[in-house]
Amino acid sequence: MDRVLSGMQPSGFLHLGNLVGALQNWVKLQEKYECFYFVADWHALTTNFADPDRIKEYTEDLVLNFLSAGLDPEKCTMFVQSRILQHAEFHVLLSMITPLGWLERVPTYKEKKDEINDKDIDSYGFLGYPVLQSADIMIYKAKHVPVGIDQVPHLEITREICRRFNHIYKTDALVEPQPLLTRFPKVVGVDGRKMSKSYDNCIYLNDSPETVEQKLKTMMTDPARKRRTDPGDPELSPVFELHKIFSTEEERSEVAEGCKTAGIGCIDCKKVLIKNIFAVLEPLWEKREHFMANPGVVQDILEQGTRKASVIAEDTMQQVREIMKF
Ligand code: TRP
């Protein structure tokens, strides 16, 4: 079985976009691959080093969401990055062979530097982010890394570091990983923009059912439908974008027809969506409650995952130390 590895940063609470864009795919992959999934808590320090309490809180939320979304400790290995010190050791060694120019050219580095103004990210660690990510991946010799398109430049750096390492030390010890692109339509937030924690337009997986219902009820629709009798254009309504993801074709054509003819009101249309989103979230809420009531179970799962991951990470490091003459 090929090995798959992916991680998420604990830099915010998980939302519906993360669920359908990433987590549901991870759940599918655990059936076909040997999967390793982890919380990249050191990575979160790059933007949140001044607020480690938040990282801790988000880490707990992430682990709960891994489990509630259906990641199964019998089928995949889950762990927290900072529990496996070999990632840091590998990062130091890889950093020595990584040319500065490669890192400065990473598009996400330049973009984020321009984009984030409210936080100080002018750090050595932030520049080295892709090197740490490379260590995360190659320490498990993962072949496939399920990520969104934004992570492709990081994977490209990993592949370059891999080739450079193997070339310099005349070995084939490190495995070149491939991105496993998760194609999914962007999930819109309640204001019609892309769902993102920086826009404050998210449906969070830890929102209560009441909050989710409220957010959807007040979600933006086609601005042309001011009154119930005004016809609308579903393609101009963010609500319809969510119907495209969560509703059946039949429901979709019904609400589209009702919208265009003013046969139904926006609330009727939203009721269908609320029903369908609840159907997705209800099993999650149930499991979340179960795991919250049994924190010992969550700790056991993480410990078991850490043990399994450690064995592989240490194995690779023994090989790497030997190759680099330590
Ligand atoms: N950079 C990834 C993100 O922000 C998180 C991450 C860290 C990761 N290490 C990884 C993803 C290794 C895949 C593999 O989403």
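1. In this predicted model, the second largest pocket is lined by 17 residues. Those nearest its centre are T59, E60, V63, Q299 and L302. The space in this pocket comes to about 380 Å³.

2. The volume of the largest cavity is about 100 Å³. A set of 14 residues lines the largest cavity, and R225, S237, C259, C266 and C269 lie nearest its centre.

3. Which elements give two or more residues to the lining of the largest cavity? They are α11 (238-246), α12 (249-260) and α13. The most is given by α12, with three residues.

4. Turning to the aromatic residues, the count of aromatic pairs is nine. Y109 belongs to helix α6 (residues 107-115) and F126 to helix α7 (residues 124-127), so that the pair links distant parts of the chain, 17 residues apart.

5. Are Y109 and F126 buried or exposed? Y109 counts as buried because its relative accessibility is 15%, and the limit for this term is under 20%. F126 is likewise buried, because its relative accessible area is 5%.

6. Further aromatic residues are joined in a cluster: ring pairs link F36, F38, F79 and Y140. Two arginines lie over ring faces. R164 is placed over the face of W102, at 5.8 Å from the ring centre, while R193 is placed over the face of Y199, at 4.0 Å from the ring centre.

7. Finally, strand β4 (residues 144-147) and strand β5 (residues 178-181) run parallel and are joined by four bridges. V145 has P179 in β5 as its bridge partner. Between these strands the chain passes from β4 through helix α9 (residues 152-168) to β5, and this β-α-β crossover is right-handed.

Definitions and conventions. Residues numbered from 1 in each chain as written. Predicted model: local features only at pLDDT ≥ 70, side-chain atom pairs only at ≥ 80, totals over all residues. Heavy atoms only, no water. Phe/Tyr/Trp six-rings, centres within 6.5 Å; stacked < 30°, edge-to-face > 60°. Buried < 20%, exposed > 50% of the residue type's maximum accessible area, 1.4 Å probe, protein only. Lys NZ or Arg CZ within 6 Å of the ring centre and 35° of its normal. Pairing = 2+ DSSP bridges. Right-handed = clockwise from strand over helix to strand, strands pointing away. 1 Å grid on protein atoms, 1.4 Å probe; cavity = no way out; pocket = protein on both sides within 12 Å on 5 of 7 lines; lining within 4 Å. Points joined across faces, edges and corners; volume = space filled by probe spheres on them.
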